[in-house]
Amino acid sequence: MIPASFEYERADSSDHALELLDRHGEEAKLLAGGHSLLPMMRLRLATPAVLIDVGRLTDLSYVRDDGDAIAIGALTCHEDIKDSDVLKQHCGIVAHTAGEVGDPQVRHLGTIGGSIAHGDPASDLPTVMLALDAQFVVRSSGGGRTLAASNFFSGLFETALEPTNLLTEVRVPKLSGGWSYQKFHHRAQDWAIVGVAAVQHNGGAAVALTNMSDVPMRAAGVEQALASGSDAATAATEAAQNTSPPSDPFGSAEYRRDLAKVLTRRALQEAMSS
Ligand SMILES: Cc1cc2nc3c(=O)[nH]c(=O)nc-3n(C[C@H](O)[C@H](O)[C@H](O)COP(=O)(O)OP(=O)(O)OC[C@H]3O[C@@H](n4cnc5c(N)ncnc54)[C@H](O)[C@@H]3O)c2cc1C
């Protein structure tokens, strides 16, 4: 389908993007790689009156070693994240998972900021961010704030971002232990039917689920079982606790609940063996 008509503005700096957001308010949407927003506009599920193109803000495309954390610019494309030596060395799950997103065309245009801001529970990187307790740096014309991933995803395609906010940076910890992202999909370039991220960090384990609810979610039952001394296989049986997965032609909710347990066991075993 053809999108509803809209005006187009190109931001030439972050300050300019914020100025345009203030000017157009709720009528506007930021355009990064366009690989989630444009399909929604074609289906008329999104009908912004103004698109503010931030895709050329190259100063927001970087991966940097920043002490205890790795700082990733929001406009960094999935392909650059996949290839980042800094991430491969210190937080390999992010580089690995970026390589699992779509196909090369999607990865060269889609950005980590767009993936997080879009709030799609079937996306891969938001789940990993949740497992990592990542921090999101957000700017508005009034100043900046940092949001925890745990407080960011509020509903289906809904996040804590306000209409005049620009996500500028994603901060992930340097991992001290093993990790795994298990993605189950029909074809290599497809979205996850279910995904599971597991990380070991600072002596504890975190597990998060893709496409098992309206939002990416932590598998609290699994984490509690591990903290109480259960082994990976036993803890994984708690993976479907409090989930509400969709039913669609790729799998029923019941199938997804079973799959989450299997993938969680595999993710934990891989994370604990590396
Ligand atoms: C064929 C296909 C296959 C795909 N497969 C997968 C997959 O397997 N796994 C997966 O996780 N994803 C997949 N995707 C989605 C892809 O990763 C998207 O690129 C990504 O989710 C959104 O990034 P974007 O830069 O394209 O964002 P856009 O589409 O430009 O924007 C998405 C939303 O985020 C907002 N936004 C963008 N940047 C910012 C910012 N810096 N600050 C505030 N708001 C912002 C926009 O206003 C919009 O609402 C696929 C997409 C396609 C088309």
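Helices are DSSP runs of H or I with at least four residues, numbered from the N terminus. All views show a predicted model.

**Figure 1. The end of helix α1 and its buried face.** Helix α1 is followed by Gly25, whose phi is positive, near 55°. Within α1, the buried residues are Ser14, His16, Ala17, Leu18, Leu20, Leu21 and His24. The elements that cover these buried residues include β1, β2, β3, β6 and β10.

Figure 2. Helix α1, comprising residues 14-24, lies across β6 and β10 (166-173). The helix runs at about 65° to β6.

**Figure 3. The five-stranded antiparallel sheet.** An open sheet is formed by 5 strands in the order β4-β5-β10-β6-β7, with antiparallel pairing. Strands β4 (63-66) and β7 (143-148) are the edge strands, and each of them pairs on one side only. On average, neighbouring strands of this sheet are turned by 25° against each other, direction ignored.

**Figure 4. Pairing of strands β6 and β7.** Strand β6 (residues 135-140) is joined to β7 by 6 bridges, and the two strands run antiparallel. In this pairing, Val137 stands opposite Thr146 in β7.

**Figure 5. The three-stranded parallel sheet.** In this open sheet, 3 strands follow the order β1-β3-β2, and their pairing is parallel. Because β1 (7-10) and β2 (28-31) stand at the edges with a single partner strand each, one side of each is left without a neighbour in the sheet.

**Figure 6. Pairing of strands β2 and β3.** Strand β2 and strand β3 (residues 50-53) pair in the parallel sense over 4 bridges. Leu31 stands opposite Asp53 in β3.

Figure 7. Side chains of opposite charge can pair when their charged atoms come close. With a cut-off of 4 Å between a side-chain nitrogen of Lys or Arg and a carboxyl oxygen of Asp or Glu, the count comes to 15 salt bridges. In one of these, Arg139 pairs with Asp15, the closest N and O atoms being 2.7 Å apart. Arg139 lies in strand β6 and Asp15 in helix α1, so the pair ties together parts that are 124 residues apart in sequence. Arg139 is partly exposed, with a relative accessible area of 30%.

**Figure 8. The salt bridge between Arg107 and Glu79.** Arg107 forms a salt bridge with Glu79, and their closest N and O atoms are 3.1 Å apart. Since Arg107 belongs to helix α6 (residues 104-109) and Glu79 to helix α3 (residues 78-82), the pair ties together parts that are 28 residues apart in sequence. Both Arg107 and Glu79 are buried.

Figure 9. The closest N and O atoms of the salt bridge between Lys183 and Asp124 are 2.8 Å apart. Lys183 lies in strand β11 (residues 179-184) and Asp124 in helix α8 (residues 124-131), so this pair ties together parts that are 59 residues apart in sequence. Buried means under 20% relative accessible area; Lys183, with a relative accessible area of 12%, is therefore buried, and Asp124 counts as buried at 5% relative accessibility. A further view shows Glu79, Lys82, Asp83 and Arg107, which are joined into one network by salt bridges that share partners.

Terms used. Residues numbered from 1 in each chain as written. Predicted model: local features only at pLDDT ≥ 70, side-chain atom pairs only at ≥ 80, totals over all residues. Heavy atoms only, no water. Pairing = 2+ DSSP bridges. Axes fitted to C-alpha atoms, helices over the stretch in contact; angles between N-to-C directions. Contact = heavy atoms within 4.5 Å. Buried < 20%, exposed > 50% of the residue type's maximum accessible area, 1.4 Å probe, protein only.
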